[in-house]
Structure formats: structure tokens, C-alpha cells
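Subject: Structure for you to look over

Dear colleague,

Here is the structure I promised to pass on, with the sequence beside it. My notes on what was found follow directly below, and I would be glad if you read them with the model open.

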Amino acid sequence: MLLSASAVLICLVILLTVWDPHGLFSAVVTILSGGLITLLAHLSHQPWAPLLADGGLAITLFIGFWGLWTLFLIIGTPRLVVRKRERLTGPLIGCVWGWVFLGVAWLYAVSHGQFSDTLWPWLSFIPAFSLYLGVLFGASLIGYLRAVCFRSRHADTLVILGAGLIHGNQIGRVLGARLDTALAYARRQKQPVTLLVTGGQGPDETLSEAAAMAAYLEQHGYPAEQIVQETAATNTRTNLINSQKIWWRLPNQGGRVVLITNGYHLFRTQLLAQRLGIHAGSYPAPTRPGYLLIGWAREFLAIVTLRPRLHRGILLGMIATNVLWMLL
């Protein structure tokens, strides 16, 4: 039974990965399938089942600890996580802290037999929605891994997404990694490659990100005539929209277009491109380990805000179901 069910789930994951390697739905199915296989292994009496169960449990714990660390980075150090052009308000952070407190209290009440005939059953939507966000976090990690593994090998046009400048006019390490990756990628191609740099000018920057990126590429020996600038974008969405308008005007509409950004940022970039109907390959730039946790916390927060109506609808549905269950 375990072997047959696991084989079906694995085949489903493989099919979805091939069919939609950059989609959130296929990533969600992958994380749920992994959890189900782990559960079946725990219930099985086969001699090899404990090994599979322990492996699944280890992965689940890893995702769980990373998720908790991400949560506390977002609400504990919002200035590190949220970009300078955005902000998390004090009341919002307070609400999240309150949600965490109630969730922990709910678990304490359940584990200490203080659950029935109290207020806590009416608040069961809190751990339910937290579990939903946990599945979304795990699926986003799956998407991140897929984005890093499924990388394009050939390109005629490379679109390099901008990042904030240091001290208003200097290339930082995150943006420098994207530019260095693009230079190495372009020089591996047999034909000339157009580098399209995209990024506008922030309120604390003395020039556009695209202009700073173009200057960096020229200083590293890339021909200026093969560099195109997009200087109006203010976020990933406008990076993609504005850049597509430019590469459509290039010979052969840009040919094979590949997006370059840091690996942790690539999954959301692909999700946005998919929603905008943009067909392009992708290639990850490396990220220093010390920045990865902060960068991923920012990305997961942005992934959640991509579909606010969906999340609100699911939360309201859980609250309504919770109330009806208690009344019936």
C-alpha cells in the first residue's frame, strides 16, 4: 500500500515539475505529497519505512525551523527585511506578535488538557491558517530550489534586474553578483549577447540603478553598444513590464531572453513573469550565505503579498468554518 501510494505521489510530483517547474501550484502539490509520503511511512510496518519516515521528518523540521526564523526576522528586525521604499507599520507588527502569542497559547492549551469548555476551540482557525502559511512557505522553498536548478544555458538577451545602490551611487555585493553572473554568462555564448539592465532611481540615489549597472559592465570590458538601459522601473513587476517593451524592439524581439537575479529572488520573478504572460528563461546569481536568510525573509513576505485576496479569502473561510463547527 505504502509503495503504491508513494509511487503515485512521486509520479504526480515529477509530472507537475516537468509541466510547470516554476509554478506555485506544482510546488504546493510537491510539499503536500512529501508530507503525505512521510505520514504513510510512519504508519507502515515495512522494514525500510522508518528510514523514509525519518528523512521526511528531518526535512519537515528543517522547513519548520527556517520558517520560524523567517517569521521572527520579519517581525523582530523589519528594518533589515523590508526595503527602504516599503514599510511594516507598528500596528501590523503588533498584530502578528499577537497572532503568534495566541497560536502558542492554543498549542499549550491542547497539550495540557485545558482545551475543552474554554475559548480556545473558537480560535482553532489560528493554527489552521498558520499551517496554511507553513505549507506556502515550504512550497516557496521548493520553488526556490527549482529556480536554482532549472537554469537556461543559452541566450541572445540577458535581462539583469536591479537592486538598491550603496551610498546612492555604488554597486553593492548583491547587485554585483548579478552583474558578474551576467558577464560570465554572456562570454560563454557563441554569439554577441545584449545586456539589458533595468532599475530606476530611488529617492536616496544620485543616479538610476540601470546607469550604475551599465557603467559597471563597461568598466569590466563589456561593449557599450551591447548594453541597453531601462531606467524607470521601481520594483520587480515594472522591471519585467518595462524590459519586455524594450527587448521586443531588439532584432528578432530579443531572441532567447534570460532573466538574471539572485537565486532567492528568482522564484518570485518567475511567478510574476508567468502572471504577466512573459516567456523568458532564468539564471541565478550566487548569494553570500550571511545575507541569504534576510533576503529570503524579504522574498517570502513579497510572495505572500502577491495574492492578498486569496489569503484573506482562505482566512475568512477558516473563521466561518470554525464558528459554524462550534455552533452546530
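The side chains of Arg146 and Ser26 are joined by a polar contact of 2.8 Å (a pair of N or O atoms within 3.5 Å, where within protein one must be able to donate a hydrogen and the other to accept it, and residues adjacent in sequence count only if both atoms are side-chain atoms). Arg146 belongs to helix α6, and at a relative accessible area of 6% Arg146 is buried (buried means under 20% relative accessible area, exposed over 50%, and partly exposed in between, with a 1.4 Å probe and protein chains only). Setting aside residues up to four places away in sequence, Arg146 touches Val13, Thr17, Asp20, Pro21, Gly23, Ser26, Ala27 and Thr30, where contact means heavy atoms within 4.5 Å.

Please bear in mind that this is a predicted model, in which local features need pLDDT of at least 70 and side-chain atom pairs count only at pLDDT 80 or more, while totals for chains, interfaces and linings use all residues. Residues are numbered from 1 along each chain as its sequence is written, and side-chain values use heavy atoms, with hydrogens and water left out.

As for the whole, the protein has 12 helices and five strands (DSSP runs numbered from the N terminus, helices being H or I of at least four residues and strands E of at least two). Its C-alpha atoms fill a box of roughly 75 × 50 × 35 Å along the principal axes, and 45% of the 328 residues count as buried. Helix α3 (residues 49–76) has 28 residues that should span 40 Å at 1.5 Å a residue, which agrees with the 40 Å between its end C-alpha atoms; the expected span is 1.5 Å times one less than the number of residues. Among the buried residues of α3 are Trp66, Leu73 and Ile75.

Two salt bridges are present, each a side-chain nitrogen of Lys or Arg within 4 Å of a carboxyl oxygen of Asp or Glu. In one of them, Arg268 pairs with Glu299, with the closest N and O atoms 2.8 Å apart. Arg268 lies in helix α10 (residues 263–275) and Glu299 in helix α11 (residues 289–304), so this pair ties together parts that are 31 residues apart in sequence. Arg268 is buried at 12% relative accessibility, and Glu299 is buried at 1%. Asp156 forms a salt bridge with Arg256, with the closest N and O atoms 3.2 Å apart. Asp156 is in the loop between α6 and β1 and Arg256 in the loop between α9 and β4, so the pair ties together parts that are 100 residues apart in sequence. Asp156 is partly exposed at 21%, as is Arg256 at 41%.

The largest nonpolar core has 59 residues, of which Leu158, Val197, Leu217 and Trp296 touch the most other members; such a core is a set of buried Ala, Val, Leu, Ile, Met, Phe, Trp, Tyr and Cys residues joined through side-chain atoms within 4.5 Å. A second, separate core of seven residues includes Ile75, Val81, Val100 and Ala297.

Finally, there are zero disulfides, a disulfide being a pair of cysteine sulfur atoms within 2.5 Å. The sulfur of Cys149 is 20 Å from the closest cysteine sulfur, in Cys11, too far for a bond. Cys149 is exposed at 58% relative accessibility, whereas Cys11 is partly exposed at 45%.

With best wishes
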